[in-house]
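Hi everyone, thanks for making the time today. I'd like to walk you through one model, so please have a look at it first and then we'll go through it together.

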Amino acid sequence: MKEREFWKIIGMLKWDDVEDDEAVVEPVVKYLVKKSNEEIFQFEEFLAQKLYALDTKAHAIEIGEDAYVNDDEYFSVDSFLYSRCVVVANGKELFDRILNNPSDFPKDMEFEAVLYVAQEAYESKNDKEWNYVSPTDYETYKNVNGWL
């Protein structure tokens, strides 16, 4: 899978019913089920790389009410991850803009569901538990250089 296909797949997210995350991701899951296991893993890796790239202090201070303030203030690592998911889930154009202009980060928005599309597709396709671990760790603070 090439990056262009990753973004094409992300473009399949169906934003008609933003209140129903499962409905939003359903077209992507259905598409990935038809792909090889390797392609599902590649999709997961592209997603991880994009989330990792946005894991920076400059981005964390721009997410809205739950923004990073300093090391002494509470900061939800999960909230920041789900906020980064919003950026990736809204496509390459927004991702590129936010990557280069953290102050444009969408405020107070989360979209956790995109994290599970590869897993759902794999488990549906193979009728067995997801066991893939991406070499890129997208959890908050893992992009050490982004927090210097």
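Let me begin with a serine: Ser 79 has a relative accessibility of 6%, so Ser 79 counts as buried. Before I go on, please keep in mind that this is a predicted model.

Where is Ser 79? Ser 79 sits in helix α5. And what does Ser 79 touch, once we set aside its neighbours within four places in sequence? The answer is two residues, Asp 66 and Glu 110.

Let's stay on helix α5 and move along to Ala 89, which is also found there. Is Ala 89 buried or exposed? With a relative accessibility of 2%, Ala 89 is under the 20% cut-off and therefore counts as buried. If you leave out residues up to four places away in sequence, Ala 89 touches Ile 10, Leu 13, Trp 15 and Phe 111.

The charged end of Arg 84 sits over the ring of Phe 80, at 4.6 Å from the ring's centre.

Now for how the helices pack. As a reminder, two packed helices are described by the angle between their axes and the distance between the axes. Helix α5, residues 77-89, and helix α6, residues 92-100, have axes that come within 6 Å and cross at roughly 130°. That angle lies between 115 and 145 degrees, so α5 and α6 are oblique to each other. Which residues make the contact? From α5 we have Val 86, Val 87 and Val 88, and from α6 we have Leu 94, Phe 95 and Ile 98. Sorted by class, this contact of α5 with α6 has six nonpolar residues, no polar and no charged ones.

Helix α1, residues 3-10, packs with helix α2, residues 21-33, at an angle of about 135°, and the axes are 9 Å apart. So α1 and α2 are oblique to each other as well. Here Glu 5, Lys 8 and Ile 9 in α1 meet Val 28, Tyr 31 and Leu 32 in α2. By class, the contact of α1 with α2 has four nonpolar, no polar and two charged residues.

On to the aromatics. How many aromatic pairs does a search of the whole structure find? It finds 17. One of them is Phe 6 with Trp 7, an edge-to-face pair with 5.0 Å from centre to centre and 70° between the planes. Phe 6 and Trp 7 are both buried. They also belong to a cluster, in which ring pairs link Phe 6, Trp 7, Phe 43, Phe 46 and Phe 95.

Another pair is Phe 75 with Tyr 141. Their ring centres are 6.2 Å apart and their planes are at 65°, which is over 60, so this pair is edge-to-face. It links distant parts of the chain, 66 residues apart: Phe 75 is in the loop between α4 (57-60) and α5, and Tyr 141 is in the segment after α7 (117-126). Which of the two partners is buried, and which is partly exposed? Phe 75 has a relative accessible area of 8% and is buried, whereas Tyr 141, at 36% relative accessibility, counts as partly exposed.

Leaving aside its neighbours within four places in sequence, Phe 75 is in contact with residues including Ala 60, Ile 63, Tyr 68, Phe 80, Thr 140 and Trp 147. Asp 66 is also among them, and you'll remember Asp 66 as a contact of Ser 79.

Last, a word on the backbone. Most residues other than glycine have a negative phi. Tyr 141 is not a glycine, yet its phi is positive, at about 80°. Asp 108 has a positive phi too, near 55°. Asp 108 lies in the loop between α6 and α7, and at 53% relative accessibility it counts as exposed.

How values were computed. Residues are numbered from 1 along each chain as its sequence is written. This is a predicted model: local features need pLDDT of at least 70, side-chain atom pairs count only at pLDDT 80 or more; totals for chains, interfaces and linings use all residues. Side-chain values use heavy atoms; hydrogens and water are left out. Axes are lines fitted to C-alpha atoms, for helices over the stretch in contact, and angles run from 0 to 180 degrees between N-to-C directions. Helices (H or I, at least four residues) and strands (E, at least two) are DSSP runs, numbered from the N terminus. Angles under 35 degrees count as roughly parallel, over 145 as roughly antiparallel, 65 to 115 as roughly perpendicular and the rest as oblique. Contact means heavy atoms within 4.5 Å. Ala, Val, Leu, Ile, Met, Phe, Trp, Tyr, Cys and Pro count as nonpolar, Asp, Glu, Lys and Arg as charged, and the others, Gly among them, as polar. Rings of Phe, Tyr and Trp (its six-membered ring) pair if their centres lie within 6.5 Å; planes under 30 degrees apart count as stacked, over 60 as edge-to-face and the rest as tilted. Buried means under 20% relative accessible area, exposed over 50%, partly exposed in between (1.4 Å probe, protein chains only). A charge sits over a ring if NZ of Lys or CZ of Arg is within 6 Å of the ring centre and within 35 degrees of the ring normal.
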